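Colleague: Before we go through the assignments together, could you set each term against its cut-off as it comes up?

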Amino acid sequence: MAKLQRLADLVEGEVSGNPELDIDRVAPIDQAQEGDITFVANPKYLAQLKDCRASAVIVVPGVEAPGMDLIVCKNPYLAFAKILTLLQVPQRPVKGIMSGAWIAESADVDESATVYPGCVVGERVTIGAGTTLYPGVVIYDDVKIGEGCLLHAKSVVREGCRLGDRVILQPAVVIGSDGFGFAPDGDGYYKIPQVGIVVLEDDVEIGSNSCVDRAALGETRIHRGTKIDNLVQIAHNVEIGEDCILVSQSGIAGSTKIGKHCTFGGQAAAAGHLTVGDNVMIGGRGGATNDVASNQVLSGLPLMPHKQWLRATMALPKLPEMRKEMKQMKKRLEELEALLQET
Amino acid sequence: MAKLQRLADLVEGEVSGNPELDIDRVAPIDQAQEGDITFVANPKYLAQLKDCRASAVIVVPGVEAPGMDLIVCKNPYLAFAKILTLLQVPQRPVKGIMSGAWIAESADVDESATVYPGCVVGERVTIGAGTTLYPGVVIYDDVKIGEGCLLHAKSVVREGCRLGDRVILQPAVVIGSDGFGFAPDGDGYYKIPQVGIVVLEDDVEIGSNSCVDRAALGETRIHRGTKIDNLVQIAHNVEIGEDCILVSQSGIAGSTKIGKHCTFGGQAAAAGHLTVGDNVMIGGRGGATNDVASNQVLSGLPLMPHKQWLRATMALPKLPEMRKEMKQMKKRLEELEALLQET
Amino acid sequence: MAKLQRLADLVEGEVSGNPELDIDRVAPIDQAQEGDITFVANPKYLAQLKDCRASAVIVVPGVEAPGMDLIVCKNPYLAFAKILTLLQVPQRPVKGIMSGAWIAESADVDESATVYPGCVVGERVTIGAGTTLYPGVVIYDDVKIGEGCLLHAKSVVREGCRLGDRVILQPAVVIGSDGFGFAPDGDGYYKIPQVGIVVLEDDVEIGSNSCVDRAALGETRIHRGTKIDNLVQIAHNVEIGEDCILVSQSGIAGSTKIGKHCTFGGQAAAAGHLTVGDNVMIGGRGGATNDVASNQVLSGLPLMPHKQWLRATMALPKLPEMRKEMKQMKKRLEELEALLQET
């Protein structure tokens, strides 16, 4: 619970109404009850305010809400996220190395870290202050993990990989599995050893069951602040810039370099050995098969400007009809030609 | 082993032949041996019966199979499944909490449940009668699991989520990972805490390495009887109705509501914040980008009636040829126009 | 470290230069330093040799590189892989059954195998010589694992499945999860027991978080030497021939049979109950919806020859323009027809 004024200070906003109001929790506008704070990030939901039972609302400057206590700020959605963090995210307890965790003798685990039962931590691993390993996490030898990281159950970090500070791995993430590299050898394949590593920089988050493969040589690197959703594939030697968003089931093939502040929609993909610039947004199921210049919104396979893709895909269902019509036109054309030849 | 009459009773069918015949196991029609029972669910396989060496066959009424013992029933495929369950699925032994499992003191595990080594069960968890946790399952705090559930190795259920009765999780399923929600904050992103839960109702089954994300606020809910295949993504705040089928590698984006008795084919998807009605069937790799009304069979991206999609995609390879032909027609048209202007 | 001559012998190549040269490690051409060996597998990179600081280079016969020590051989890429294996892949230590692993009494684990903490090995399992189980691997009852296998952390092999020799499972692979089979029963579904197994033959490798489902009856089989990438779905009763390559996020639906030496690109798929011949290459996101004859390179959904697909997809963005143009042509055609009718 917190006073409305404290919440306003947290989000650099101003109270309009009672600063001493007690707020218990955050709720969506249509479910909020007394004691709740809600938010309106999108003007189209403003009309719902008159039926809303929340005690307070986060709004942008200029919104009228007679009889309601308000926090007025520039970015209500961000403010909502910050207030939710304060009110409803429990502190992680510091429990140290718990019974049932196996830690190699040469590992260096900070005393403010927490390692749950069923975790296995290899030789020469370092784990920073305030980092939590939930049950069943496996850290291979020679891994370095920074401060304030959160590795959920069953996540795996293979040998030699490095995680910065505040990295979050959702359950069952795999970091540093072998890249998919084979040299043809007669009819079969010879495995190319993958002796590189993966580096996840500060504030990277990776979703459940996603994989980031280790480099063949050198490193696969995800830069600071990039967020990756569930079931995403990042192949060996890929580099992804700062503050990118990769939505679920997308995949980046080997050695492709992606700039900063890019977004890949769900099930989107990039082929291997490409360069994608900065601020590129690729729509759901879009597929990059060539290099992509910066500052574009693209969709489709092959990629095209998103609006063009919308038109092209809307036209696609008409294709059979177009073929039929073309045949008819061709016939009429032939009739005209015949007629003119006669004359 | 069971007598033919007992099997017929099980499936509400009738014996034609020897009710005392001993049946050992179920086998496909082309591999069955003496002592086996097989089935013909599809009339096109009836011709194979004459070479079949099975001791008995499950058929629909009206099928002739001279010299063979039969179970005659309405739904041979369902009967096959029920008989297979009886004859060949071993009972799960009740082993209690085995050595090597870590159970929090405040957890309430029914005495008829089985918890294998390497499992970790958190505070205030309840686990119902006859439920089995295979090795390495991790249950976070405050989870409720019903009766007769089967959680295979390495599956994870995060804090506060609820599973009904007879829920099956294949290996490495993740329930309750954080939804993928971030508020833009300058060039970067601020993590929106995901404080909701996941509810899996009775008789839900989830396939290997699939993920169901917890809600931001409120709940992600899979209704009774829905079956989800491997590597499927269910995002935060999704609701899926009763008796749906989601085939492998499909994905449902955040806040989308799907009705009952829908099917999503392999690699199919629905974008976020949509409403899909009841009895909708979306073909493999189909993609819903808008709301979908009930009782339709659709394919493609964008979705269109399945038959139209078949025609459109069959026409697609002709597109380059069509363009060429159009250019020729245009030229001929111009020639005709020129000719007519002269006259 | 090894002498250049020894490396040449390893790869059946010849030294041009100093056979006594000491080589420490392998490096890419643009990062190599003194003591490194690099390789040129693709002639387009030959020009980079003049700025390369490597001590030695692996090349094909006929390449000139004045002042550099060479290994001359037919297949520099394969040679690079073999030399990398020799120089930089550490031997796996034999550690036996480590403290913190649970092994059923009836299991037969070879004394030269290694089982890390957190592994659980079921009843009647056999594990061959030199096989390593990394932390948290779960082997259900009655599994047979051959010699020299490498099962990475968190991989799971369910009851009765069989792995040949030198099989590699990357982290979190699931072998033998239930196939996705349900018999309609009124509005709902009855689970068809999946009582078959999975067989992975010698030298198969499976990538992180991929799944191979057990057969309903009989077996799902991956033949010798086939390599499967991350997040790939292999459904029940599938058979994949020798020396195939399945790239990340591809999926093969139930009962489909694939020949030998086939390649499926990223996110490609095959529908169920199909037969695909030998030496078929299906491009990224291609989708087989019908049987495929041998010796073809195909792409698209539906599949078509790869070159045709390239042309069709390049034409797709022009589709809206084509429709517009067709309407104009139709109008002009009508005008001509009207004109001719008058005359």
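Modeller: Helices (H or I, at least four residues) and strands (E, at least two) are DSSP runs, numbered from the N terminus. On conventions, residues are numbered from 1 along each chain as its sequence is written, while chains are lettered from A and ligands numbered from 1 in the order in which they are written. This is a predicted model, in which local features need pLDDT of at least 70, side-chain atom pairs count only at pLDDT 80 or more, and totals for chains, interfaces and linings use all residues.

Colleague: Where is C:Leu316 found, and why is C:Leu316 called buried?

Modeller: C:Leu316 lies in the loop of chain C between helix H3 (306-315) and helix H4 (319-342). A residue is buried if 20 or more other C-beta atoms, placed from the backbone, lie within 10 Å of its own, exposed if 12 or fewer, and partly exposed in between. C:Leu316 has 23 other C-beta atoms within 10 Å, and is therefore buried.

Colleague: Which residues does C:Leu316 touch, not counting residues up to four places away in sequence?

Modeller: Contact requires C-beta atoms, placed from the backbone, within 7 Å; with residues up to four places away in sequence left out, C:Leu316 touches A:Ala312 and B:Leu319.

Colleague: What makes strand E9 and strand E38 of chain B edge strands?

Modeller: Two strands pair if DSSP finds at least two bridges between them. In chain B, 10 strands form an open sheet with parallel pairing, in the order E9-E12-E15-E18-E21-E26-E29-E32-E35-E38. Strand E9 (102-103) and strand E38 (287-288) of chain B each pair on one side only, and are the edge strands.

Colleague: How do you know that strand E35 of chain B pairs with E38(B)?

Modeller: Two bridges join strand E35 (residues 269-270) of chain B to E38(B), and the two run parallel; the criterion is at least two bridges, so they pair. Within this pairing, B:Ala270 stands opposite B:Ala288 in E38(B).

Colleague: How are E22 and E23 of chain C joined?

Modeller: Strand E22 (residues 182-185) of chain C is joined by four bridges to strand E23 (residues 188-191) of chain C, and they run antiparallel, with C:Ala183 opposite C:Tyr190 in E23(C). Their hairpin has two residues between the strands, and C:Gly186 takes a positive phi near 65° there.

Terms used. Contact = placed C-beta atoms within 7 Å.
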